[in-house]
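Welcome! Take a moment to look over the chain, and then we will walk through some of its parts together.

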Amino acid sequence: MTQAGDDDLERKMKEQKAGDDDPERKMKKEQKVKLKEEKKLKAAQKAEAAKLQAHKGNDGPKKAEKKNRKKEAEEENLEDFVEPATPEGTKKQLSRQMAKQYNPTAVEKSWYEWWEASDFFVADAKNSKPPFVIVLPPPNVTGALHIGHGLTAAIQDLIIRWRRMSGYNALWVPGMDHAGIATQVVVEKKLMRERNLTRHDIGREKFVSEVWKWKSDYGRTILNQERRLGASLDWSREYFTMDERSSRAVTEAFIKLFKEHLIYRDHRLVNWDCTLRTAISDIEVDHKEIKEETFLKLPGHDFPVLFGVLTSFAYPVEGGLEEIVVATTRIETMLGDTAIAVHSNDERYAHLHGKFAIHPFNGRKLPIICDDILVDPNFGTGAVKITPAHDPNDFEVGKRHNLEFITIFTDSGKININGGAEFEGMSRFKARVALIDALKEKGLYRGTQKNEMNIGICSRSNDVVEPMVKPQWFVDCNIMAKAALDAVIDKENKKIEIIPEQYEQEWKRWLENIRDWCISRQLWWGHRIPAWYVTLEDDKLKDLGSYNDHWVVGRDEEDANLEAKKIFPGKKYKIAQDPDVLDTWFSSGLCPLSVLGWPDNTEDFKAFYPTSVLETGHDILFFWVARMVMLGIKLGGDVPFSKVYLHPTVRDAHGRKMSKSLGNVIDPLEVINGISLEGLHKRLDGGNLDPNELIIAKQGQVKDFPNGIAECGADALRFALISYTAQSDRINLDVLRVVGYRQWCNKLWNAVRFAMSKLGDNYSPSANVMVDKMPSICKWILSVLNKSIVKTKSSLEAYKFAEASTAVYSWWQFHLCDVFIEAIKPYFFSESTYEFEREAARATLWICLDSGLRLLHPFMPFVTEELWQRLPESREHHKKESIMLSDYPSVTDSWTNEVIESSMDIVTSTVRKIRSLRPPSDKNERRAAFALCRGDDIVLIIKAYEFEILTLASLSSLKLLLEDDMPPPGCAVDVVNDKLSVYLQLHGTLNPEAEREKLRKRREEIQKLHTNLEQIMSSTGYKKAPQAVQDDDIRRLSAYLEELKLVAAAEKDLDEINADK
């Protein structure tokens, strides 16, 4: 529209607003509407003659319909299509007329704000409805929405909306995780970038204050993005894993487990991050596979570090006459070696059993021990250096043989005094180079060779993880793990079902081999461990943590003091709180309990615990799900949920893991709103990729998104993601598929737009209809609607979301839009004919749209709300305020009609075959068709549905032929089934070779089906199949043979026709 046009439209809108209360203006407006209706009626009457010739070889109805549409377009008032402004939080004001095309931005605005402001998402703990509860896996407070969050939101909102509409007291609890390491890293970088300060420069208290400030400014981003996806979360119950309620739950859980001796402190080997200076969990360790010699750039080092090599060196054996050669990928750890292990049956070293090697840099005597668990005599030299303080396998050897544990690294990864003065103060990787030079000087270096290896990289800092022995807090998991294991695999008392079932074996493998859980982290951001160390006046060692039995726990320092007095009566002491914080997974593991008020027996806890289902990614089955189950059973007295649904991981269209460096990361908001290629490039420019990675990433974007990403809207994205869940392990997401569902939204839009034009402004539908008196096409659509409802609901119950989406999509697309709406159009060409059929079609159309939109709503909440709000209200029932508050569709038994469904299957197959016979150049010219029927039952069906076939196939006529009848010349032919063939009159456009090729392909298709079925029926064990199955297979086999006969007859007819020419 031009600027002048915009100004004119704005002026008209202002005039309309000013005159809304003017009676004279209102009367003129009504007269205008009446005049418009009269013109429509006259246009319809002029089209009546054409309608009477509907199926007699001319295109009158279609021409009349086009003429009417053109005339109506000329009479349209642009103001009718303008959407009034909607005040924030109020119900959306709709335009008087539906827009001619679906626009996701226009459709999806305003609805969510109204839903939320109206408390439609809020669950009442005192409600008598059965509860259904989901706790949203708390996204990191540092995060922005990624496609995995999009999948989570789509699935969980589908479940919760469906349950809410199905009569449940549905609660979906939102929240955020404080994300200890991730958040601390973000704020530390911000401090350095903006003020050139470290956290140590400002101190713990001020740093924690900075983190809270950052959380206040930026922390709600991701939850606001969840709103854009339409997630119907109960925001009144929003939680943060460090809010007062969560903190209290964490403290109570720690104290309870400590007092039951399930939490203890010990020196154990942990994953240590030398950059962050903290222990990290296994899930924060990414394993990088090194195939060959590889240099990596690591934080804190101004030179690349070499990996993928195995370095060999010799230890002199005590006495100086022999040496023993060992090899390692981490030569720097030899400074902490305390033994050399060999196999007891290895004759090469039998004479060295019980002797010692001498450390070349500190003179330490290293016992040569036998350890058949660790040592493989056929690998390498058969001798293994043992560093108990810096290797998981060596740690176990050290415990078995009571070896000395010598830590050689500082917390920052530098060599400490235990590594010797020659190397003290060097970084571990500088020491690696220096040690090789020193070994060469001593004549002990034996060479380097390529070696494939995996190295652990911290996902937060990108530093190489260092195994270190540290005093840490641990949870003894054995007893709790047994209870969690039984909850899943005990078939007689199964309490939790894991979907897909294959992951139950992974659950079993993890929990049967569980290790104690390290829950302490050397950070400042997180839940401070509620433990105080008691230093007695007469203690010899005064360092914090010197004695493991000197720890007390409490809710605060006063509590801890009281506990210390009980344990050390009459003693003089000082107490100091442990500076460490708890692992983030500890607080998130308590989520099903803490979000409902535990440890208090709140109304929420009584009403909603245990929750119903836990939906998350399969990659955190152990790290989060198993720990929730362990803590839920132990502290809550029951499993925290009865079902676990594990969704696939999302990859790009090529099956690659999404990575910033590949440029294939898909931001859900970019799919919803659309983005240009330049916009995608700009996002990369704002990241932290190095120049080479940036080039590769942009090239990837050019290849995958040459035209950017089209605006798709939240509904289309949700539906696409849900439909992808059939891929159980991973989703290869193709954005073009999302674009396809956005186009499908336009199909829905047009279906409702058509319906509204046929229902009329004053239509008052009835939900109670006499189906038995309706036309067959109406009976059929209601019967298949029943079937779709059954399939959708059963699939949702079974957590087969892709099958549910297919059931809904198929009904809307292939039944309602492609068949029913097209079949009833002739009823509306004229007001003077088909009066009964027209009224039945209107009633059926309203029922279909009302039920179909409610069926679809949990999948696509925005477009269904907008379209449903436009439907007229039923006479018998007061319309609910929102579609999300209405009932989910249920089966109406009187609608089911298997006979009509079977007949319509033949009809739709017939129509498809006739359409396929049209040449590519055909401009929808109406042609004559013939149906060759073999049997009275087929004759009756074709006669009964002649009108529908004529309409749907755009035919001028349809003539029935019996077996002995000869089809006229110039016809294309195809086989519908073993009793029916169809012919289409092509006159001079018939291409015999093309028709012969079609028949050949059809014959091969039938022969393949016949052969496959024969093989199944002749296979071993087929006789065990149910008799009904065997009978059906015999019938199908016979039908295939009959179809082959029909194809042969059609080929013969084609030859004869060609010969006559």
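Let us begin at a loop: Ala 179 sits between strand 3 (175–176) and helix 8 (180–195). This is a predicted model, and in it Ala 179 has a positive phi of about 50 degrees although it is not a glycine. Why does that deserve a second look? Most residues other than glycine have a negative phi, and most peptide bonds are trans. Is Ala 179 buried or exposed? Its relative accessibility is 6%, so Ala 179 counts as buried, the cut-off being under 20%.

Another residue with a positive phi is Asn 462, which is not a glycine either; its phi is near 65 degrees. You can find Asn 462 in the loop between strand 17 and strand 18 (466–475).

**Two cis peptide bonds**

Now for the peptide bonds themselves. A cis bond joins Ile 499 and Pro 500, with omega at about 0 degrees. Pro 500 belongs to the loop that connects strand 19 (497–499) with helix 16 (503–512). The bond from Tyr 609 to Pro 610 is also cis, and its omega is near 0 degrees. Here the proline, Pro 610, lies in the loop between helix 20 (603–608) and strand 26 (613–617).

**The whole chain**

Let us step back for a wider view. The chain contains 35 helices and 33 strands. Its C-alpha atoms fill a box of roughly 115 × 80 × 60 Å along the principal axes. What share of the 1061 residues counts as buried? The figure is 52%.

Take the contacts in the chain with a separation of 6 or more: 75% of them are between residues 24 or more positions apart. As for charge, there are 150 positive and 163 negative side chains, and the centres of these two sets lie 3 Å apart.

Next, find an open sheet of three strands, with the order 23-22-24 and antiparallel pairing. Strand 23 (551–553) and strand 24 (573–577) stand at the edges with a single partner strand each, so one side of each has no neighbour in the sheet. From one strand to the next, the twist averages 35 degrees. What holds such strands together? Strands of a sheet pair through backbone hydrogen bonds, either parallel or antiparallel.

Strand 22 (residues 531–536) pairs with strand 24 in the antiparallel sense over five bridges. Look for Leu 536, which stands opposite Tyr 573 in strand 24.

Which helices lie across these strands? Helix 12 (residues 244–259) lies across strand 22 and strand 23, running at about 130 degrees to strand 23. Helix 17 (residues 557–567) lies across strand 22, strand 23 and strand 24, and it runs at about 140 degrees to strand 24.

**Strand 17 and its partner**

Five of the six residues of strand 17 (residues 453–458) are buried, so this strand is largely enclosed by the rest of the structure. Strand 7 (residues 285–290) runs antiparallel to strand 17, and six bridges join the two. In this pairing, His 287 has Gly 456 in strand 17 as its bridge partner.

Glu 292 lies in the loop between strand 7 and strand 8 (294–296). The C-alpha atoms of Glu 292 and Tyr 102 are separated by 54 Å, and these residues are 190 residues apart along the chain.

Ser 312 has its place in strand 10 (residues 309–316). With a relative accessible area of 13%, Ser 312 is buried. Glu 901 is found in helix 31 (residues 898–917). Glu 901 counts as buried as well, at 7% relative accessibility.

| Residue | In contact with |
|---|---|
| Glu 292 | Phe 307 and Gly 308 |
| Ser 312 | Val 325, Val 326, Ala 327, Leu 444, Tyr 445, Arg 446 and Gly 447 |
| Glu 901 | Trp 780, Ser 783, Val 784 and Lys 787 |

Key: Residues numbered from 1 in each chain as written. Predicted model: local features only at pLDDT ≥ 70, side-chain atom pairs only at ≥ 80, totals over all residues. Heavy atoms only, no water. Pairing = 2+ DSSP bridges. Helix = DSSP H or I, 4+ residues; strand = E, 2+ residues; numbered from the N terminus. Axes fitted to C-alpha atoms, helices over the stretch in contact; angles between N-to-C directions. Contact = heavy atoms within 4.5 Å. Buried < 20%, exposed > 50% of the residue type's maximum accessible area, 1.4 Å probe, protein only. Lys, Arg positive; Asp, Glu negative; His and termini not counted. Charge placed at Lys NZ, Arg CZ, Asp CG, Glu CD. Lists of a residue's contacts leave out its neighbours within four places in sequence.
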